[in-house]
Amino acid sequence: MLFRYLFILIILLPIKSFALIEVDITRGNLSPLPIAVSPLSVDEKSKENFKKILKSEDIGLDISIVVENNLKQSGLFNPLNKNAFLQKPDIAHLKPRFEDWALIKAQALITGKVTFVDEKLRVEFRLWDVLAAKEMMAIAFTTVPTNWRRVGHIITDKVYERLTGEKGYFDTRIIYVAEEGKKTNRIKKLAIMDQDGFNTKYLTLGNELVLTPRFNPTNQMVTYLSYFRNLPRVYLLDIETGIQEVVGDFPGMTFAPRFSPDGKKIIMSFAMDGNSEIYTMDLESRVVEKITNHPSIDTSPSYSPNGKYICFNSDRSGYQQIYVMKNNGRNVKRISFGKGIYGTPVWSPRGDLIAFTKMHKGKFYIGVMRIDGSGERLLTENYYQEAPSWSPNGRVLIFYRETKTDEKGEGFSAKLWSIDLTGYNERMVETETDASDPSWSSLLSN
Amino acid sequence: MIRNIAISSTFHLLIILVGTMSLPFLLKKPIDLPPIISIELIQITDKTNIPFAPKAKKIIEKVKKKEKLVSEQAPPKIVKKEKPEAVPLPDEKIEKVEKLEDKKQNPEKIDNEVKQVSEFEKEELFDPDSIAALIDKSKEEFAETNKKINKITQDQDRSIDMTGLSLSEEDALKAQIFGCWSIPLGLPYNENLLVRIKLQLKPDGSVISSEILDHARMNKPGQGFYKVLAESALRAIKLCQPLRVPTTGYERWKDLQLNFDAREMLEG
């Protein structure tokens, strides 16, 4: 008996004396990370050259402002006021005095240098961890000087990826329908712009009504609905050459087009005799395939990122709801069961969520649900809003919202808005004119 | 024979010359492609991680010294030296508290609940530092007398020290780090998001060294998110320094392990 006690004591004693105290940290804050974006330093000679070409007084400051605005828009970063910076850009770029940056509560710091080399713009930038006093990343870019805004976007993407662990979405474009004029006589043009609202270009003249433009995966082609000669048809437009063509030879109305993830097919709806079905067309062989076969209205198809499944909306249950099926039209399964009407489902590029528009009791909601229909979350509510489109990293949604501009409700304004998955970071995206039907491109610098 | 070789070699040379001179002209003109942004990665070398200049080193050392003085968790010895002069003996103090209660209390009959509330209110009237010192002192005295009474040996005393943090001590530390840890929102929540960091601490709660226990995972392919998460945890520790550790029992918490788990936050 005594031996037993002694044995237990011998085993237990060392464990107790060397036991390491463990504390579990399961919570943190989700407040934006304080980051300092120092203006990129430019030597005098380069400054003169950029002034001649770009008519910019300080290109280093301009690029840093692009980065700063992008980071702020993401809602995950809090760029600190430049007036509080203690160190000059040229010295900060070589070796920052981390104490100076810690003093203004910065946790990360971006510094950089812009030079004019062989008629090109060369940008070197570094990301520093202020608290650990070490360099996290150093990258250089060379490009034509007119591309300076894209350089700002690429820098933001790299910083975003390094600090959040997921790809950025800043070096991207948005295609949308630019709208002008009265509601009864609205002129609608296809327009393309950078994700921050700059560099807008119009792709059509506005002679015909255009709707629902969508990028292909390489961002070179756009498919959209056009009422050319009052015949609503799906068209294909090459952005570089400007060449347009009708997709398929359908005897009725085709609408709601979208590319497959590999860009080889277009999936769309075809309506005839009060029935609407989903079809695909192979862009190489031009072979058309009927995917759904049901007497109800099946529309708004969207592929899953791996191309194996399709989500769409249908009124086969009596009300418009969201359904998921295999890419050959089999195994149709209803996934939305909440109150109200569901429409415009779009599969997330991550593959885990489906975004949708929901109409309930006269209000419009933009929301997300898991691919099996569980975990429905309504992110934003308004008088009229619809058509969500995912950012390439699957974190942000862009959609359009119509608002009444006077008390009588006669005038109205349509604008693009973005919201992130938390539902807190909702922002209006600046456009030159009224805008609707936005579609986000994939990353341009991939 | 030699003549034939000479003719053959000149003929071959001629063919090579004609080939190199004329063939490039036959090539098609290159397609005019839009400008491509070339990305050149700069290696993070000694060049970029230049050691601190001697002046800067001195400044940093000065700042570090200052930080030590400012730290919330001053070493207990200093408290001992300062407080006894200002703080009266425990018995006297208790009397004072009672007197104040008498003055403030409503002479009419008061319910027990109301009484409790008023007692809390009154505590705020006193100098909290003096009370803290008072409690500390009474604790020390109590411990000493206990030791004497119970005749606790040194070994037994050490074994008491070796137990973990009390719930309130752990909560204080957790609450401090919760405020400092900015969780990177882009992490995949279906992955293992646990970062274990072993710390070596000074008595004032400042960190001597920190070590990521699963360090090998940081450089594994497909685990880029783990590096982001580990760095955020290290930033939180640095931002929180000095940590809110107990004022006593340094031996038991001088080595501490913090398990940062982001799953709960990202899933919720």
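Which residue in β26(A) is the bridge partner of Val368(A)? The points below answer this and comment on the surrounding strands and the contact between the chains.

1. The model is predicted, and the remarks here should be read as descriptions of that model. The bridge partner of Val368(A) in β26(A) is Arg377(A).

2. That bridge belongs to the pairing of β25(A) with β26(A), the latter covering residues 377–382 of chain A. The two strands are antiparallel and share 5 bridges. Their hairpin has 6 residues between the strands, and within the hairpin Gly373(A) has a positive phi near 90°.

3. β25(A) also pairs with β24(A), which covers residues 353–360. This pairing is antiparallel too, over 8 bridges.

4. Is β25(A) largely enclosed or left open by the rest of the structure? Of the 8 residues in this strand (363–370), 6 are buried, so β25(A) is largely enclosed by the rest of the structure. A residue counts as buried here when 20 or more other C-beta atoms lie within 10 Å of its own.

5. Elsewhere in chain A there is an open sheet of 4 strands, ordered β19-β20-β21-β22, with antiparallel pairing. β19 (298–303) and β22 (333–334) stand at its edges; each has a single partner strand, so one side of each lacks a neighbour in the sheet. Tyr323(A) is found opposite Arg334(A) of β22(A).

6. Between the chains, 41 residues of chain A are in contact with 51 residues of chain B. On the chain B side, the elements that give two or more residues include the helices α2 (54–70), α8 (167–180) and α9 (224–240), and the strands β1 (38–41) and β4 (255–261). The largest contribution is that of α9(B), with 9 residues. By class, this side of chain B has 30 nonpolar, 11 polar and 10 charged residues.

7. Strand pairing also crosses from one chain to the other. β1(A), residues 21–25, runs parallel to β4(B), and 5 bridges join the two. Within this pairing, Glu22(A) is placed opposite Gln257(B) of β4(B).

Definitions and conventions: Residues numbered from 1 in each chain as written. Chains lettered and ligands numbered in written order. Predicted model: local features only at pLDDT ≥ 70, side-chain atom pairs only at ≥ 80, totals over all residues. Buried ≥ 20, exposed ≤ 12 C-beta atoms within 10 Å, placed from the backbone. Pairing = 2+ DSSP bridges. Contact = placed C-beta atoms within 7 Å. Nonpolar A, V, L, I, M, F, W, Y, C, P; charged D, E, K, R; others polar.
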